[in-house]
Structure formats: structure tokens, C-alpha cells
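User: I have a structure to go through with you. Could we look at it together?
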Amino acid sequence: MTAVADRLLARVALTWLTEPGTWSVHRLVDQLGPVAALDRLLDGGAPDRALRSAVAARSAGDDARAVAEQALARTERLGARVVTPDDDEWPARVADLRRLVLPGAERRVDLETAPPLCFWVRGAWPLGQAFDRSVAVVGARAATPYGTHVATELGYGLADRGWTVVSGGAFGIDSAAHRGALTSGGLTVAVLACGLDRPYPMGNAALFDRIAETGLLVSEWLPGAEPLRPRFLIRNRVIAAGTLGTVLVEAAARSGATQTLNRAIGVGRPGMVVPGPVTSAMSVGAHELLREQPEARLVTGVAHVLEDVGRIGDDLAPPTRAPERPRDRLDDEATQVLEALPRRKALGLESVAARAGVDLRTAMRKLSMLEELALVVRRDDGYALAPPPAKGAGAAPGRPA
């Protein structure tokens, strides 16, 4: 077996011995390399008691290297591959997890946030290339029609502009974002919390097949691994660190999607939140993040997202403006003259000038201009506001009745 194959086998075995993200294992691999780190653990030399217990429990019934060999054979049968830092397609950005510190972290899933040792990948795209220009779109499983619409639009718009849409493959917001990207013919990546051959939720099996055909399915777990609850939060750190920014669309008060956004902000990525109706329970978590996280940015569409994650100066969102009306171009004197006309009757020139506080010549000149703009009409008895346009042709040019 070659040195590269030895390192690959060791990384797979280490991933099986302990859950991904375990810092003590990651540090051992940094210090000794994967092969020596595996030897150390199997010899009982784990640096802490918790890790020694975990390794002993896993090793009691199976041989770690034999399990890894079986996993690699199963990976090949699936038409998938294992990607490690030795490979050119490794997504280098996940190394930023080294600097992730979550304030007030007490749970294991919030403390053990080390970079991955390897990935299982299904799909033709090089993993690093797929993540290179990528945005995560995450949110509630129990999404409302509003949230589903927004996530679909974001997925479609981002993919249509050449960005990879990354999410977790769950029901609700995740599925909507993936489907939006697929509909545009763009690239989408689903990062799973289970083995690639154990798609979860099963109701999305057809969606996962579509993603694998044109994008990527990615996991840190060996084939056959079950979707255990803590693994979803472990998985979320990869979504946060591997992308250039994370957009949260709907989240209840207690939502794993909010943890993804916190992890994104923790590694220095833009954390973006789409606001929702204040009456919706699916908006509570999103709105609380906007209140509690000074770094979180409110976004309402693709243009705002690209302004936050795109190249400086190249992806600025256009300023939001109301449609321009003819009266928006009026100077102060013309506005005074227009405002001087009553709603329902005409006035002579002298009366208009007096009400507007301008001389006769100015009043005449401005009334002519207002007539050209179809804001004023001339009658036998003087000048009057133009009637409102026909229904469907826009708002009345004059003052509201």
C-alpha cells in the first residue's frame, strides 16, 4: 500500500473511531500525521480520557483499519469517492474552523468544531471548485409558503448568476433552495449528516439523486452511517465554513439553522437574515438573530446577498427606489404652483399666482410646463389639475383626492 493510500485509510479509520470535529484527534493528526495518530489512539495513547473511552468502545467489536477498508470498498460501489487534504479538490476554506469559538459554548457539538479529516463525495464536480463561489441557504424544516417562495427565488437567482447553492437537503427551506438552483440549471451541493447511501430524509431521495447528477452530495460520515440528531449540528459547521456566506430564511425559536448562521459569523463569514412576518412562529429565531448578532445583515433578495458575499465593487445591490413620477422632477416653484390648484375646480392665472406666492410671469411659465407634463389642464375658466389616468395606467399625477 502506498503512503497516500495509508493516509487515506487512516483518515477514514479516525473518522469512524470518533465523531467528526473532535479537536484532540485533529491536533494529533496535525502533530503526527494521520497514520501515526491512528496508531497512537489504537495503542491507548489518546490525550484525554473521553477520547480513550470512545476509541476503546468502538474498537471493542471491530478493527478500525478493517472497517475503513470495507468503507472504501463500499464507497467505490456507490460510485462515490473520499476526498482528503492530500487531494487537489479539497475545499481549503474549511480550515477556517480552526479559529471558530462560539461564545458560551457548553455542549459537545459547540465545542468540538475542528476541521474535517475527510469527505465522502458523490457527483462529478471537484469539491473545492463547487465551494469556491458558494452561498449557503438554510432555514426551517416546517417552512411557510412565504419562506419556501423566498428560498426558491434565492436558490434560482444565485445559481443563475453562477453561484453554488449549498444547503443540508432537509425538508422546507433547504429543499426549496436546492430545487430553485436545479430549476435554473445551476450548481447545488447538499451536505448530509449521514452516509451517502442513507439519504435523509427519505422523502427527498429523488431530490438527492437529481443533485448528485448535476451537483454534489457531501458527507463526513462513512457509508451506512445513521442520521443521528447531534450529527446535524456537527454538519452545520461545514456548511458555514465552506461557503462565502450563509443566508437564513425562516427559523423557529429553537432551530439548528440559527446555529449554522452563528458558526458562519464565528469564522468571519457574512451572516444574512431574511425578515419574515412578525406574526409567524417561523420568524422568531431569525428576528432574534438580527437583534442579538450585530454582525447579522438583513437581506431581502439576491442583490443584497451578492453585495455581501461578492467581490467589492462588482456585486453592489442597486439602491431601492420607488418608480419615478413626473412631479418628482419639478422644481420648488413648479411644485408651489401645482399645490396651489384646488382638487375639484379651476382657477384663473392671477388666483394661482396669489395662492402659490409667485409673480404672474413665473406662474404662467410653470403652468405651461405642468401642462406639458400632463399634470395640469387649461380650461375656459382657468387652470385645473389633470384628471387621474384610466384604471391600470398608474396613479394620478396630481395630489390624491
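Predicted model: local features only at pLDDT ≥ 70, side-chain atom pairs only at ≥ 80, totals over all residues.

User: Where does serine 175 sit?

Analyst: Serine 175 belongs to helix α9, residues 173-183 (a helix is a DSSP run of H or I, at least four residues, numbered from the N terminus).

User: Is serine 175 buried or exposed?

Analyst: Serine 175 counts as buried because its relative accessibility is 3%; buried means under 20% relative accessible area, exposed over 50% and partly exposed in between, with a 1.4 Å probe and protein chains only.

User: Which backbone oxygen lies 2.4 Å from a polar atom of its side chain?

Analyst: That of alanine 170.

User: Changing topic, how many cavities of 30 Å³ or more are there?

Analyst: The structure holds 2. A cavity is a set of points on a 1 Å grid over the protein atoms alone where a 1.4 Å probe fits but cannot get out, and lining residues have an atom within 4 Å of a point.

User: What is the volume of the largest cavity?

Analyst: About 80 Å³, where a volume is the space filled by probe spheres set on the points. Helices α1 (3-17) and α2 (23-32) each supply at least two residues of its lining.

User: And which residues line the second largest cavity?

Analyst: Its lining includes Gly168, Cys194 and Arg235, and its volume is about 30 Å³.

Key
Residues numbered from 1 in each chain as written. Heavy atoms only, no water. Polar contact = N/O pair within 3.5 Å; in protein donor to acceptor, adjacent residues only side chain to side chain. 1 Å grid on protein atoms, 1.4 Å probe; cavity = no way out; pocket = protein on both sides within 12 Å on 5 of 7 lines; lining within 4 Å.
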